[in-house]
Amino acid sequence: MKKSISVVIPCKNDGALLAEALESLAEQTVKADEIIVVNNASADDTKTIGEKFGAQVVNEDRIGVLRATATGFDLAKSDIILRLDADVVLKPDFIERVHQIWTNAAESSGKKVVAVTGSARFMLPGRKGDLYSRLYLGAYRAAVRSTLGHQPLFGTNFSIPRCWWEQVRESIDFNNSLVHDDMHLSFAVRPDETVWLQKDLTLDTDPRPLHGIRQLINRFRRGFYTIFLNWKNSPPHRRLAERRSR
């Protein structure tokens with residue numbers, strides 16, 4: 001039986017980019033069952049643009065991507081929640097492929113799949129986009145996987161079952177605005193669970209994470225902070241040992 005899909009997009013002052021994302025969602029071969037835009041205290045026309053494309057727009061005035069994401073997840077009514085950023089453009093068969101991947105994940109053996117995470121390509125000319133995307137995402141996955149014992153979630157492109165979210169949400173601190181949101185949520189994956197990496201489930205994304213050394217340093221700083229924060233409750237030796245035992 002095909003599962004229903006809710007799309008959740010946190011957005012803060014990204015109205016122009018959001019319009020492109022919602023337009024690509026409107027052109028899907030298989031439509032999402034629900035689209036929720038979380039307006040995170042935007043000063044631009046995010047709310048108007050979301051409503052123009054028929055999305056449900058909800059305000060979350062407490063600034064922070066993790067808090068905005070949680071607000072959207074709490075409102076989602078579908079079986080699967082697909083988390084996207086506002087600065088992405090989807091291929092027409094993207095939602096259709098998410099349906100198929102979750103069917104494959106449900107039929108797989110081994111640990112229970114509680115998340116599917118895809119990839120992205122920075123919208124840069126020629127081979128530069130492919131190269132920078134592989135380096136950026138490859139470094140993120142390699143570094144964080146060694147601390148998690150499984151693939152990390154990639155906040156621009158991942159999906160989870162709503163029932164799993166309802167089980168783990170109380171264990172997650174949403175009030176710390178310094179954490180790396182997708183990495184922080186990755187630590188909620190339990191020893192008998194895993195994340196399914198689908199590298200060819202790609203979307204196009206704005207290259208602004210690459211703009212400026214200060215922004216890159218800030219992302220690394222937040223990443224290390226998130227790891228050390230979660231290690232207080234789930235140190236690597238214990239976390240990895242628990243996962244091997246399952």
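My entries below go from the sheet to the pockets.

**Ground rules.** I am working with a predicted model, where local features need pLDDT of at least 70, side-chain atom pairs count only at pLDDT 80 or more, and totals for chains, interfaces and linings use all residues. Residues are numbered from 1 along each chain as its sequence is written, and side-chain values use heavy atoms, with hydrogens and water left out.

I found eight strands in an open sheet, ordered 3-2-1-4-7-6-8-5, with mixed pairing. Strands are DSSP runs of E, at least two residues, and helices are runs of H or I, at least four, numbered from the N terminus; two strands pair if DSSP finds at least two bridges between them. At the edges I noted strand 3 (56–59) and strand 5 (88–89), each pairing on one side only.

**Strands 6 and 8.** Strand 6 (residues 112–122) and strand 8 (residues 193–205) run parallel, joined by nine bridges. I looked up serine 119 and found threonine 202 of strand 8 as its bridge partner.

**Largest pocket.** I read about 1,200 Å³ for its volume, the space filled by probe spheres set on grid points joined across faces, edges and corners. A pocket here is an open set of points on a 1 Å grid over the protein atoms alone, where a 1.4 Å probe fits, with protein on both sides within 12 Å along at least five of seven lines; lining residues have an atom within 4 Å of a point. Among its 43 lining residues, Tyr136, His180, Pro209, Arg219 and Arg222 are closest to the centre. Helix 8 gives the largest share of that lining, nine residues.
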